[in-house]
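Colleague: I have just opened this structure and would be glad of a guided tour. Could we go through it together?

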Protein chains: 2
Amino acid sequence: MFAKEIYTKRRDELKKSVPSGIVLLLGNGEAAVNYDGNPYAFRQDSSFIYYVGLDTPDLAYILDIDNDKEYLLGNELTIDDIIWMGNLPSLKDRAAEVGIETVVPFSQLATLISGSQQLHYLKPYRYRNQLILSELLNKNVTSVVAGYSVELTKAIIQMRLIKSAEELVELEDAGKTGYAMHIVAMKMCQPGVSEREIAGTIEGLAISEGTRVSFPTILSMNGQTLHNHDHSGILAPGRLMLCDAGAENGNYYASDFTRTTAVGGDYSQRQKNIHNIVLKALNDSIALTRPGITYKSVHRNAYKIVFEGLRDLGLVKGDTEDALNAGVPGLFMPHGLGHAMGLDVHDMEDLGETLVGYDDEIQRDTLFGYKSLRFGKRLEPGHVLTVEPGIYFVPQLIEKWEKEKINADFIHFSEVKKYLDFGGIRLEDDIVITEKGCRPVYGKRIPVTVEEIEQAVKN
Amino acid sequence: MFAKEIYTKRRDELKKSVPSGIVLLLGNGEAAVNYDGNPYAFRQDSSFIYYVGLDTPDLAYILDIDNDKEYLLGNELTIDDIIWMGNLPSLKDRAAEVGIETVVPFSQLATLISGSQQLHYLKPYRYRNQLILSELLNKNVTSVVAGYSVELTKAIIQMRLIKSAEELVELEDAGKTGYAMHIVAMKMCQPGVSEREIAGTIEGLAISEGTRVSFPTILSMNGQTLHNHDHSGILAPGRLMLCDAGAENGNYYASDFTRTTAVGGDYSQRQKNIHNIVLKALNDSIALTRPGITYKSVHRNAYKIVFEGLRDLGLVKGDTEDALNAGVPGLFMPHGLGHAMGLDVHDMEDLGETLVGYDDEIQRDTLFGYKSLRFGKRLEPGHVLTVEPGIYFVPQLIEKWEKEKINADFIHFSEVKKYLDFGGIRLEDDIVITEKGCRPVYGKRIPVTVEEIEQAVKN
């Protein structure tokens, strides 16, 4: 938790950006695994944490702008709770720690909002909160979800998108755990070790830090399968292990790194070649990123490096600009260069990816590959982003493009098909935009060159 | 997954026990952590797994008893899914593996149930499934929850409560991971080690086995705080570490063990004394447990051992039967001796703890302590139960009893208060009722005597 003043300042700023009505921020409740008494690890809503800072279930916050009042809604512990849960500070005291004076029982929610014609709430992504709003507003869930406040959403995105100095400290803290997770994964990347053993060890490491992973770990020899949470493989010589993993820190800030490691640290020439193209895309993207340019243009530049690198290897051909306009690199890197990161690993994705990543000036592209870029906006100091180029050989996609003759003039399919057993390589770092450029959001950089990774695996 | 015949046999049996109407089993969906794209680890509903065996999200099963038809509802993968998720078997093929021939899109749910006056569904514990049923039946959530089928619930409880030979194999498999978790925890139980490091390591171990914990790990020096998921302590000499932890296996079966370990393996005489009372309660309960007697009576016998053990130490006084009738042991062991275990660690708690644990013959007690016994029924071969006596010194509870003079004739409060810094000891094993008695549901027993635990910590 931050100092009280940080939360009061944030709420003051929010008040100014929403001119009238009542703002309702619903915290999260517990989420049952297989019965109510067996919940998943509690995770507070990120906007609630940002403005209210309290990370226990079943809270809500009301900012009554018209009457200039604010309320924390929640129930005090009973004597039974104290017997079973020990002595804990009262909700009143906890509210005071974040600068909120008035605490009322959660049951007063309906009464408190009844006076207003204009209720601002965020799009609810938890079924529980959809149900609470549905009952509160006497609307069906579809209407409830559709009725979220665009005004409030935009105001919150604008604030949360620019990370303050104290937030950067938290992100770096999350980065430290992410670093430790990747170092352990590299050391364990030996023939015969199971993917799930490594995944379990590094997820356990995040829990050991008192937190949790910031997203389900991707750890697989099948890096070409992008939505892959299968860990059933046994690491085999000659293969690559793609590991995309990060942790939250104690204050809910995320880290998100990817490294791809040759099993046993033994890279083939072919693996080195692809690795070095991805590495150049990563490093050149970081070198290029600065305030004033758009991340969309940085993505395009990464595509350029991927295309030209693969052209040097004889997998593609033709003019770079023509190929970029035609979307050729999408075959090999069918995802965006990166996304905003903060209290969520895909920052504020619950509020709408396009509202976060695009605006009136910079619109989302429709072309395959480009359209998957989550964040394209013109960059400003304080933006925190991932940079995560990759090259993959997705058999189903290659087959489809060849069959449908997509971009056939640019692609040597016969050469590309020699890589069907390759898998994929992705390298990902986290950066913050500074006044003149950008800098990493972590302490030590995770080994990233072939030589560094070889050394990390073998030592 | 089991062989097809096991699922078809289970569904046949279910069909016989619900005479008419339509049975609807809803599988679970994904549960968002902080946005839809970032879900918790998927966990299928246990009854769905029991009858249908498929562990992917967004499925439902319909058994139309009147027309003797069954359907699996779910959506086939699209070509895009295959590109991002790799080649996976079709839903049709997966349904065939569990003996279901007819697969229809999930959207046909409303149509398929529209013909019946009598829809049997289970009480939904996930908000998502409450919403699906609310929309389907055009009722508010409160009515939906209240409208579950007691007939279906009782039929399922009766079937799931008796574990078959193949289920016992799965439970033993889950027990192996639980064993490994506890051995690691004991070895790490050294002064200066943080609780969260140990908790993270053993939860990671469950993930490394390809599964997950069967419930959030309790690992704390404050064992007296029964609902305690705080891991912020640093192990200190002289204290006890209570660890209540278990894993699910790949087929969703649970294990659940508790051991309490003196930090560094160094037990004081006082700790040994309390440990040995709890150990006697554990071993005597297991020795006593057999078909034909009630678990309620085994609980009462454990209370007897606790009372008499504490009387030997001078903490309580008076006649055993009088003390048991007055509920004196509840001060020291304010929970039940155990619960049913299977596909859920508290088996079928979603279906109603009292329906699972009690019946017309054996009713739940109302006296403090006794009322917390989750399972009191007359025992039958195939019941799987935890046995988990404990002795705790809960300052808030002791204070309350002393202040309110509860059972003051039986308790030497001045002596009891010398233990306010003690914490608590619980020891828990898992058993299955056999034809003549009971046996453990695991391979090797986790070290349980003071000597065995000392050795495990120090070696």
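Predicted model: local features only at pLDDT ≥ 70, side-chain atom pairs only at ≥ 80, totals over all residues.

Colleague: Is A:Asp58 buried, partly exposed or exposed?

Modeller: A:Asp58 lies in the loop between α2 (46-52) and β2 (60-64) of chain A; helices (H or I, at least four residues) and strands (E, at least two) are DSSP runs, numbered from the N terminus. Its phi is near 65°, a positive value in a residue other than glycine. Since A:Asp58 has 14 C-beta neighbours inside 10 Å, the class is partly exposed.

Colleague: What is the phi of B:Asp58 near?

Modeller: B:Asp58 sits in the loop between α2 (46-52) and β2 (60-64) of chain B. With 14 other C-beta atoms within 10 Å, B:Asp58 is partly exposed. Most residues other than glycine have a negative phi. B:Asp58, which is not glycine, has a positive phi, near 70°.

Colleague: Now the two chains together: which element gives the largest share of the side of chain B that touches chain A?

Modeller: On the chain B side there are 52 residues in contact with 52 residues of chain A. The elements giving two or more residues to that side are α3 (79-85), α6 (127-137), α10 and α15 (395-403) of chain B. The largest share, 10 residues, comes from α10(B).

Colleague: How are α6(A) and α6(B) oriented to each other?

Modeller: Helix α6 (residues 127-137) of chain A packs with α6(B) at an angle of about 45°, their axes 8 Å apart. Axes are lines fitted to C-alpha atoms, for helices over the stretch in contact, and angles run from 0 to 180 degrees between N-to-C directions. Angles under 35 degrees count as roughly parallel, over 145 as roughly antiparallel, 65 to 115 as roughly perpendicular and the rest as oblique. That makes the relation of α6(A) to α6(B) oblique.

Colleague: Which residues of α6(A) and α6(B) make that contact?

Modeller: By class, the contact of α6(A) with α6(B) has 4 nonpolar, 2 polar and 2 charged residues. Here Ala, Val, Leu, Ile, Met, Phe, Trp, Tyr, Cys and Pro count as nonpolar, Asp, Glu, Lys and Arg as charged, and the others, Gly among them, as polar. The residues are A:Tyr127, A:Arg128, A:Gln130 and A:Leu131 of α6(A), with B:Tyr127, B:Arg128, B:Gln130 and B:Leu131 of α6(B).

Colleague: How many of the 11 residues of α6(B) are buried?

Modeller: The buried residues include B:Asn129, B:Ile132, B:Leu133 and B:Ser134. Their cover includes α6 and α7 (141-146) of chain A together with β1 (22-26), β5 (119-121) and α7 (141-146) of chain B. The helix α6(B) is largely enclosed by the rest of the structure, because the buried count is 8.

Colleague: And within chain B, are α9(B) and α10(B) roughly parallel or roughly antiparallel?

Modeller: The axes of helix α9 (residues 165-188) and helix α10 (residues 195-208) of chain B come within 9 Å and cross at roughly 155°. Residues that meet there include B:Thr177 and B:Ala180 in α9(B), and B:Ile198 and B:Thr201 in α10(B). The two helices are therefore roughly antiparallel.

How values were computed:
Residues numbered from 1 in each chain as written. Chains lettered and ligands numbered in written order. Contact = placed C-beta atoms within 7 Å. Buried ≥ 20, exposed ≤ 12 C-beta atoms within 10 Å, placed from the backbone.
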